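Visitor: Good morning. Could you please walk me through this structure?
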Amino acid sequence: MHSKMLRNFCVGSFKLDVATVYKQPGHQFTNKWAVLTNPGDISTGVKGYVKCDISVSGKGDAVQPEQKTSEAGEQIDKNLLLPDGFPSQRPWARFYVKVYRAEGLPRNNSSIMANVTKAFIGENTALIDPYVVVSFFQQLGRTSTQKSTADPVWNEQIVFREMFPPLCQRMKIQVWDEGSMNDVAIGTHYFDLRRISNEQDGDRGFLPTFGPAWINLYGSARNCSLGYEMLELNEGIGEGVSYRGRVYLELAVEILSGGTGSESKPGRMPLKEAKAGKAGGREGKTPAGGAAGAGGAAGGATEEDRGKALAAEVLPVEAPPQLSEEDREDFLLFGAVFEATMIDRKIGDKPINFEFSLGNYGNALAAASQPVSSSSSVACNRGRRVRVSDVPHSSGTVASPPSSCSSSSSSPLLSGELQDPCWASQSATPPQKTVIVEGNRHYMYLPLENQKPCAHVLSHWEDRTYRLHNSNMLDNIAVLFEEGVARAAEMNRKSDSGAEPLLRTILQDFCMDARLKSELKRSFLTQLDRKRLIMCKQELESLIGEVESMAERKRKDGGVKEMLQDTAKLTHKLRFLVEEPQHMVPDVFVWLLSNNKRVAYARVRARDLLYSNNREKRGTDCGKILTLFLKPPGKRVAGWSVTAKLDVYLWLGRCSDSSHMLEDLPAGVSPATGGAAETGSPPTHLVCKEQHQFQLRCHMYQARGLIAADSSGLSDPFARVTCLSHSHTTNVRTPPVSVRITI
């Protein structure tokens, strides 16, 4: 800052995010020169340098002592405050975030005034007024506000100016509902720029690029109150417990040549000329919970100067081509509940059931509060296109688009063909009365020994499954490699001489299997689809080279330990490639409902359940019985957070592949005959024809450090073992005890 008699003005500033500092060795920068620039006038170049130390310490981190060096003959340009690999001279760049539209947002307004109205008249008829806020490196831009719609269309782009590569790797996208008194967040998504770019030099590298594609938003349940904790979920703090809609957008970057804004070298594609427009919304209004201002890092400058320095431009942009119905596919989610145990008795004695949802499909609250978007509400019914809301459905079901009318070469689903269906989704299992576990009054269970209730959800999405298939191929490669390395590490821990030969065999197998057998031959690929496929193949080839050199090392003291450390680094690189940044099908939510109230949930990635005829592309949990521990919604849950344990069979795939839905059922379990099964629809329940007896033995010998429970300072402890519907308790005694349970 430069101080004058009347006012202060900013000479220059330097910004970096906390994550960049924390990733450095020792979580710190020491004796480094920070480059001062003026973001408001990028043509003036460097404003000066400031030498400083910056450190970020987390809980349990050891703070390393500072190492001061001599300043004699120090060259500033070789000791800049930049991470390793960053160039000393960074050009300026423009980041374009093109926001096109959104769909499936919560329809009803949840602001304070809307809730006051609901308290008086008993219902909430106010619709949301959505707008999008994009935050990047303390710069903030917002679109215009679209009034009274859950499917808004903006066609606006927000332009940021920042040095490239930036010292902040995350960009925040938020959808807000504008209210008369306060604005309420609807959902939040974070972009990791490292996942949508490649920092390598030459032809291998590419600038950050995304879409145009959808991003899915998650947050609080749609019927939640305006508690602080639930608002945090909508603002991206904690795990979202419900789908909140999706936004269609695009991201591109262009490098400015010569450090000025007059000439530019496109890094993505040349943008069409757009007329300058307003930032949208109410001028000067800051959304609740958002950034404090557009220029929060401009030091001691006035509010007006800071806004001019760091305010993002908001310009209109041409709408992207409309997606045709031929590009969309019908998907079927099938779930069967095999066991429901460890149900907390605190939820009450009312009947309970389980709801399965995929996006807004299957969500009873979403179906009751809003109609399905017109772009995704088309279904086949007797050879004609109809809206989903026109499909009749009974109580306990949620209307969804049935499967496609086009003929399929696959075998029929169960006893009937999946053609010309006229049935709706059955997303919830029938309500059932719980039974208290004998010997343990704290838990309940559902008696499901003979019949396993089922649910199914029909949905309609763009066919972009190739993205998830590629991720599953990479995930399967990583899982096999991790399992083999874990076996070798366990043998090495036990000083087994066979650890090194096993590890070398695993490395050789990795070189044979680590190939991404995928070709993208589609007309609607984004640039990131093409670049990412090339990048993944190149990275796998690079990893194979590292593994081959590692396997050829000569044996020496400590060689196995060093090889295990190197394999851990390779696993980290491989895992980084697995996650697909461009979303497709949203995550699957399983809710426990008691008296029609949402009590606990579990969230499962759609990628893990997606079916493919190629087993390498199939999700790891597709057609398998998963154990889900349902937990209450919210970020802060005190005490024991498991409300119920659920063993459920899940399958997700195209309707044309539904004939494979029940192929992996356990032996002795078959779909119920008659009723819906004869019409070609998924079964309403499974029948377990075979019963087996198992014995669980639990041997307990010692317990230490028990908290005193008596006035004498001692306690009379005993242990209780609960399994499914059985529970046994040990006697109060000191010798070793054993518990035997027959199931």
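Guide: Let us begin with two helices: H7 and H9 are roughly parallel to each other, a term used for angles under 35 degrees, while angles over 145 count as roughly antiparallel, 65 to 115 as roughly perpendicular and the rest as oblique. The model is predicted, so local features need pLDDT of at least 70 and side-chain atom pairs count only at pLDDT 80 or more, whereas totals for chains, interfaces and linings use all residues. Residues are numbered from 1 along each chain as its sequence is written, and side-chain values use heavy atoms, with hydrogens and water left out.

Visitor: At what angle do H7 and H9 pack?
Guide: Helix H7 (residues 499-513) and helix H9 (residues 559-578) pack at about 30°, and their axes are 11 Å apart. Axes are lines fitted to C-alpha atoms, for helices over the stretch in contact, and angles run from 0 to 180 degrees between N-to-C directions. Helices (H or I, at least four residues) and strands (E, at least two) are DSSP runs, numbered from the N terminus.

Visitor: Which residues make the contact?
Guide: H7 contributes Glu500, Leu503, Arg504, Leu507 and Phe510, and H9 contributes Val560, Met563, Leu564, Thr567 and Leu574; contact means heavy atoms within 4.5 Å. By class, the contact of H7 with H9 has 7 nonpolar, 1 polar and 2 charged residues. Here Ala, Val, Leu, Ile, Met, Phe, Trp, Tyr, Cys and Pro count as nonpolar, Asp, Glu, Lys and Arg as charged, and the others, Gly among them, as polar.

Visitor: And how do H6 and H9 lie, roughly parallel or roughly antiparallel?
Guide: The axes of helix H6 (residues 465-493) and H9 cross at roughly 160° and come within 10 Å. H6 and H9 are therefore roughly antiparallel to each other. Residues of H6 that meet H9 include Leu474, Ile477, Phe481 and Val485. The contact of H6 with H9 has 13 nonpolar, 4 polar and 3 charged residues.

Visitor: Turning to strands, what is the order in the sheet of 6?
Guide: The order is S24-S25-S14-S21-S27-S26, in an open sheet with antiparallel pairing. Strand S24 (624-630) and strand S26 (669-671) are the edge strands, each pairing on one side only. From one strand to the next, the twist averages 35°. Two strands pair if DSSP finds at least two bridges between them.

Visitor: How many bridges does S14 have with S21, and with S25?
Guide: S14 and S21 pair over 9 bridges in the antiparallel sense, with leucine 458 in S21 as the bridge partner of leucine 332. Strand S25 (residues 644-654) runs antiparallel to S14 and is joined to S14 by 10 bridges. There, glycine 335 stands opposite leucine 650 in S25.

Visitor: How many residues of S14 are buried?
Guide: Strand S14 (residues 328-341) is mostly covered, with 13 of its 14 residues buried. Buried means under 20% relative accessible area, exposed over 50%, and partly exposed in between (1.4 Å probe, protein chains only).

Visitor: What about S16? Which way do its residues point?
Guide: Ile352, Phe354, Phe356 and Leu358 point one way from S16, while Asn353, Glu355 and Ser357 point the other way, and all are buried. S16 and strand S22 (residues 588-594) run antiparallel and are joined by 7 bridges. Leucine 358 has valine 588 as its bridge partner in S22.

Visitor: Lastly, which strands form the sheet of 3?
Guide: That open sheet has the order S15-S20-S19, with antiparallel pairing. Its edge strands are S15 (343-344) and S19 (435-436).
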